[in-house]
Amino acid sequence: MHVLVLGSGQLARMMSLAGAPLNIKISAYDIGSGNIVHPLTQTVLGRGLGSAIAQADVVTAEFEHIPHDILDTCQQSGKFLPSTDAIKAGGDRRIEKALLDKAKVRNANYAVINTREDFELAVEKVGIPMVLKSALGGYDGKGQWRLKNTADIATIWQEMSECLTSSDNQAIVAEEFVPFQREVSLVGARGKDGSIAVYPLAENVHTDGVLSLSSAIADQALQDQALQMFTAIAESLDYVGVLALEFFDVDGALLVNEIAPRVHNSGHWTQQGAEICQFENHLRAVCGLPLGSTKLVRETSMINILGEDSLPNEILEMAGCHIHWYGKEKRAGRKMGHINVCGDYRGELQKRLCALAKVLDQRAFPAVHDFAKSFSN
Ligand code: ATP
Ligand code: MG
C-alpha cells in the first residue's frame with residue numbers, strides 16, 4: 001500500500017517509520033511548496049497534488065489547517081480518510097463546536113463573535129471570565145485571549161477585530177472559562193468496519209500553551225466517559241483513522257475542549273508504551289487492515305523537546321529512555337523531538353523522570369523539573 005500524507009512534518013515522518021514493517025509506503029505532500037517529498041529525508045520526489053494523489057492508494061492528513069480547495073480535490077479522488085468533514089471540523093472551531101453539540105458530548109458553553117455587538121451578547125451568554133479563540137488557524141494556544149473583567153473589553157476587541165479582518169471567513173469563538181483540575185486526552189482509532197480501539201488516557205501538562213509532558217494514566221471512570229464521547233464523535237463523522245480528543249477534567253467529569261482529526265502529540269508515548277503505536281494504528285485503519293492492540297505494555301511518559309537540538313549523551317545510557325528527533329532545524333519553541341520514558345511499574349517511571357530532571361536543562365524542560373520537585377515533596 002502507498003499512503004499519501006498531506007503535510008510533511010514529524011507526524012508524516014513517524015507514520016513512515018511505523019508503516020515500513022507492514023510494507024506501507026508513505027509519501028508526503030508539502031502544502032506550502034506543492035512538492036511531493038520523502039517524509040524522512042525531505043527529498044523532493046515530484047510535484048503537484050494531482051500526481052501525488054494519482055500515485056497513492058490512500059490519502060490522509062497530518063494536520064487540520066488545510067485549504068478547502070485542496071480538501072475538495074482529495075475528496076473527489078475518493079481516496080481520502082478520515083473524511084474531509086472531520087478535517088474541516090478540526091480546523092474551524094465553529095464547525096467543531098457544532099459537531100460536539102450534534103454528537104451530544106459535553107463541552108464549554110460558547111458563542112460565535114463576528115461583530116462588536118456579538119461580543120457584547122457573548123459576554124451576556126457566556127459570562128466572565130471568558131476564553132476567546134480565533135475560529136481558524138489557532139494552535140499551541142496561539143490566537144487566544146482571556147477576558148477577566150469588563151474593563152478589558154475595548155482593548156481585547158481592538159486585537160480581535162484585527163484578527164477578524166486579517167483573513168477571510170475568520171471569526172472568534174467565546175467560551176466560558178472552565179475551572180479544570182487537569183487536562184487529559186484520549187487517542188483512539190476507528191477502522192473501516194466501525195471497530196474502535198482506544199489507548200489509555202494521557203494526562204497533559206502545558207508550558208506556555210504548548211504540550212510539554214504527557215503521561216498514560218489508569219482511571220477507569222474517566223476512561224469510560226472518554227470512550228463514550230469518542231464513540232459518539234467518531235460515529236457521527238463515520239470516522240476512519242486515529243482521532244484525538246482533548247478534555248478538561250472538572251471534579252471527575254470530562255468536557256471536550258477540542259478534537260484533532262489525526263495522530264496527536266499526546267499519543268507519542270504509544271511508540272514505547274503500547275503494544276501497537278498510534279502511527280501504525282492510523283495506517284492500519286486507513287488501509288482497511290484490522291486495528292492492533294492499544295494495550296499499555298509499560299508505564300510511559302513523553303517529554304517534548306522544544307527549541308533544543310541536542311541532549312546530553314548520557315540519556316542514551318539511561319534504561320527506559322528513548323529519544324525521537326524530527327530532523328528539523330532549530331528554532332525557539334519549535335517541536336524538535338520527544339523523549340519517551342518507560343518503567344515496568346509506576347514507581348520506576350517516576351524515578352526515571354526524576355533522574356532525567358537531573359540531566360535536562362531546567363529552562364528548556366520546566367515540566368520535568370516541576371514533576372521531580374512535586375515527587376520529592
Ligand atoms: P493545541 O492545538 O496546542 O491543543 P490550541 O491552540 O488549539 O492548542 P486549546 O487547546 O483550545 O488551543 O487551548 C489551549 C489551552 O488553553 C488549553 O490546553 C487549556 O489549558 C486552555 N484553555 C482553552 N480553553 C479553555 C477554557 N474554555 N477554559 C479554561 N482554559 C482553557
Ligand atoms: Mg489544545
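## Two packed helices

Helix H1 (residues 10-19) packs against helix H10 (residues 278-286) at an angle of about 80 degrees, and their axes lie 8 Å apart. H1 is therefore roughly perpendicular to H10, a word used for angles of 65 to 115 degrees. Axes here are lines fitted to C-alpha atoms over the stretch in contact, and angles run from 0 to 180 degrees between N-to-C directions. Helices (H or I, at least four residues) and strands (E, at least two) are DSSP runs, numbered from the N terminus.

Which residues of H1 and H10 make the contact? From H1 come Leu 11, Met 14, Met 15, Ala 18 and Gly 19, while H10 brings Phe 279, Glu 280, His 282 and Leu 283; contact means heavy atoms within 4.5 Å. Sorted by class, this contact has 6 nonpolar, 2 polar and 1 charged residues. Ala, Val, Leu, Ile, Met, Phe, Trp, Tyr, Cys and Pro count as nonpolar, Asp, Glu, Lys and Arg as charged, and the others, Gly among them, as polar.

A word on the model: it is predicted, so local features need pLDDT of at least 70 and side-chain atom pairs count only at pLDDT 80 or more, whereas totals for chains, interfaces and linings use all residues. Residues are numbered from 1 along each chain as its sequence is written, chains are lettered from A and ligands numbered from 1 in the order in which they are written, and side-chain values use heavy atoms, with hydrogens and water left out.

## Around ligand 1

Ligand 1 is surrounded by 20 residues, and the closest are Lys 133, Gly 141, Glu 175, Glu 183 and Glu 258; a residue counts if one of its heavy atoms lies within 4 Å. By class, the shell has 6 nonpolar, 4 polar and 10 charged residues. Strands S7 (130-134), S8 (144-147), S9 (172-176), S14 (241-250) and S15 (253-260) each supply at least two residues of this shell.

The table gives polar contacts, meaning pairs of N or O atoms within 3.5 Å.

| Protein atom | Ligand 1 atom | Distance |
|---|---|---|
| Arg 146, polar side-chain atom | oxygen | 3.2 Å |
| Glu 175, polar side-chain atom | nitrogen | 2.8 Å |
| Val 178, backbone N or O atom | nitrogen | 2.8 Å |

On its own, ligand 1 has 620 Å² of accessible area, and the protein covers 90% of that; accessible areas come from the Shrake-Rupley method with a 1.4 Å probe.

Conventions
Angles under 35 degrees count as roughly parallel, over 145 as roughly antiparallel, 65 to 115 as roughly perpendicular and the rest as oblique. A polar contact is a pair of N or O atoms within 3.5 Å; within protein, one must be able to donate a hydrogen and the other to accept it, and residues adjacent in sequence count only if both atoms are side-chain atoms.
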